[in-house]
Amino acid sequence: MLKIDNLQANVTASGTDKPILKGLSLQINAGEIHAIMGPNGAGKSTLGYTLGGRPGYEVTGGSVDFDGKDLFELEPYQRAAAGLFLGFQYPVEIPGVSFVQFLREAANAQRASRGEPALSGGEFLKLAKEQAGLLRMDMDMLKRPVNVGFSGGEKKRAEMVQMGILDPKLAILDETDSGLDIDALRIVGEGINAIMRKPSKAVLLITHYQRLLDYVKPDFVHVLAGGRIVKTGGPELALELEEQGYEAVA
Ligand SMILES: Nc1ncnc2c1ncn2[C@@H]1O[C@H](COP(=O)(O)OP(=O)(O)OP(=O)(O)O)[C@@H](O)[C@H]1O
Ligand SMILES: [Mg+2]
């Protein structure tokens, strides 16, 4: 589903031009869940942003094939319509735009670029209620402006409602577990499984801790350090890292 080959990318945001990804290779097949761990500043979010096409991140080498297409030939909205979803480490607030309206526009824009008919108001509301229910999120929250005044954990949960509505093929989830309380962690973990654990889908979880992996069991765990994948293992690698730290293991 996703084949990253020798990817090199620079951060060019805020007037810098700094190489961050330095020859990163990773293959994710349909049906697989991968976790990426690694020290602060290693380039994990940069990887997510580069794949998502965020401005300020420039590809300088390598290639990425997503579902048989050259990912970098696609505009960010085309990547999303093709089934790529990026969950942000820091979800943004959009004052003045109601969450339900935002979600409906996003869902219908993606459907339009795939040549599918728009969801009617009723159809959309049914879908939104189902997905919000899965994440135990009150529909009233979704009537508020996007993320404005949401607690850290509420933002992460709302992002999973968004993922459920958009129903992507590949989800890259950047520290979706950060800021979640103990119950929310379980609810979000079960939500990720319900939405994404399917033979036709795949997930890349960026995380610092084992705890989310207790719910969303990864097939592979990778260590990203210095802009490359320096070690790959099974779920036991996350436990080893938690016990011994990166210096000892990677
Ligand atoms: N907009 C920016 N301007 C300057 N430097 C940046 C910018 N974005 C990222 N960087 C730098 O790129 C490097 C990689 O950052 P990135 O956010 O990818 O790390 P990370 O692995 O996600 O870390 P964390 O675990 O703390 O989230 C860091 O040194 C960071 O300071
Ligand atoms: Mg990060």
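Modeller: Axes are lines fitted to C-alpha atoms, for helices over the stretch in contact, and angles run from 0 to 180 degrees between N-to-C directions. This is a predicted model, where local features need pLDDT of at least 70, side-chain atom pairs need 80 or more, and totals for chains, interfaces and linings use all residues. Residues count from 1 along each chain as written, chains run from A and ligands from 1 in written order, and side-chain values use heavy atoms without hydrogens or water.

Biologist: At what angle do H3 and H6 pack?

Modeller: Helices here are DSSP runs (H or I, at least four residues; strands are E, at least two), numbered from the N terminus. H3 spans residues 99–113 and H6 spans residues 152–166. Their axes lie 10 Å apart. The packing angle is about 30°.

Biologist: How are H3 and H6 oriented, and which residues of H6 make the contact?

Modeller: The angle makes H3 roughly parallel to H6 (under 35 degrees; over 145 is roughly antiparallel, 65 to 115 roughly perpendicular, the rest oblique). From H3, the contact (heavy atoms within 4.5 Å) takes Phe99, Phe102, Leu103, Ala106, Ala107 and Gln110. From H6 come Ala158, Gln162, Ile165 and Leu166.

Biologist: What is the orientation of H6 and H7?

Modeller: H7 covers residues 182–196. The axes of H6 and H7 are 10 Å apart, at an angle of about 10°. H6 and H7 are therefore roughly parallel.

Biologist: Which residues of H7 meet H6?

Modeller: H6 brings Arg157, Met160, Met163 and Gly164 to this contact. The partners in H7 are Ala184, Ile187, Val188, Ile192, Ile195 and Met196.

Biologist: What about H4 and H6: how are they set to each other?

Modeller: Their axes come within 9 Å and cross at roughly 130°. H4 and H6 are therefore oblique.

Biologist: Where do H4 and H6 touch, and which H6 residues take part?

Modeller: On the H4 side the list is Phe124, Leu127, Ala128, Gln131 and Ala132. On the H6 side it is Val161, Gly164 and Ile165.

Biologist: Now the metal. Which residues coordinate the magnesium ion?

Modeller: Donors are N, O and S atoms within 2.8 Å of the metal (3.2 Å for Na, K and Ca); with no water among the atoms, sites may look incomplete. The magnesium ion is ligand 2.

Biologist: How many residues apart are Ser45 and Gln89?

Modeller: Ser45 sits in helix H1, residues 44–52. Gln89 is in the loop between strand E6 (84–87) and strand E7 (94–98). The pair links distant parts of the chain, and the separation is 44 residues.

Biologist: Are those two residues buried or exposed?

Modeller: The cut-offs are under 20% relative accessible area for buried, over 50% for exposed and partly exposed in between (1.4 Å probe, protein chains only). Ser45 and Gln89 are both buried.

Biologist: How many residues of H1 are buried?

Modeller: The list includes Lys44, Ser45, Thr46 and Leu47. Gly48, Tyr49 and Thr50 are also on it, as are Leu51 and Gly52. H1 is mostly covered, with a buried count of nine of nine.

Biologist: Which residue just after H1 takes a positive phi?

Modeller: The phi value is about 90°. The residue is Gly53.

Biologist: Asn147 is not a glycine; what is its phi?

Modeller: Asn147 lies in the loop between strand E8 (145–146) and H6. Asn147 is buried, because its relative accessible area is 5%. Its phi is positive, about 65°.

Biologist: And where does Arg136 lie?

Modeller: Arg136 also has a positive phi without being a glycine, near 50°. Arg136 is in the loop between helix H4 (121–134) and helix H5 (139–142).

Biologist: Which residues does Tyr215 touch?

Modeller: Tyr215 belongs to helix H8, residues 211–215. Tyr215 counts as partly exposed, because its relative accessibility is 30%. Leu185 is 30 residues away in sequence and 8.4 Å away in space, C-alpha to C-alpha. Leaving out residues up to four places away in sequence, Tyr215 touches Leu185, Arg186, Gly189 and Asn193.

Biologist: Last one: which residues does Tyr246 touch?

Modeller: Tyr246 is in helix H9, residues 236–249. At 24% relative accessibility, Tyr246 is partly exposed. Leaving out residues up to four places away in sequence, Tyr246 touches Met37, Gly38, Pro39, His208, Val223 and Leu241.
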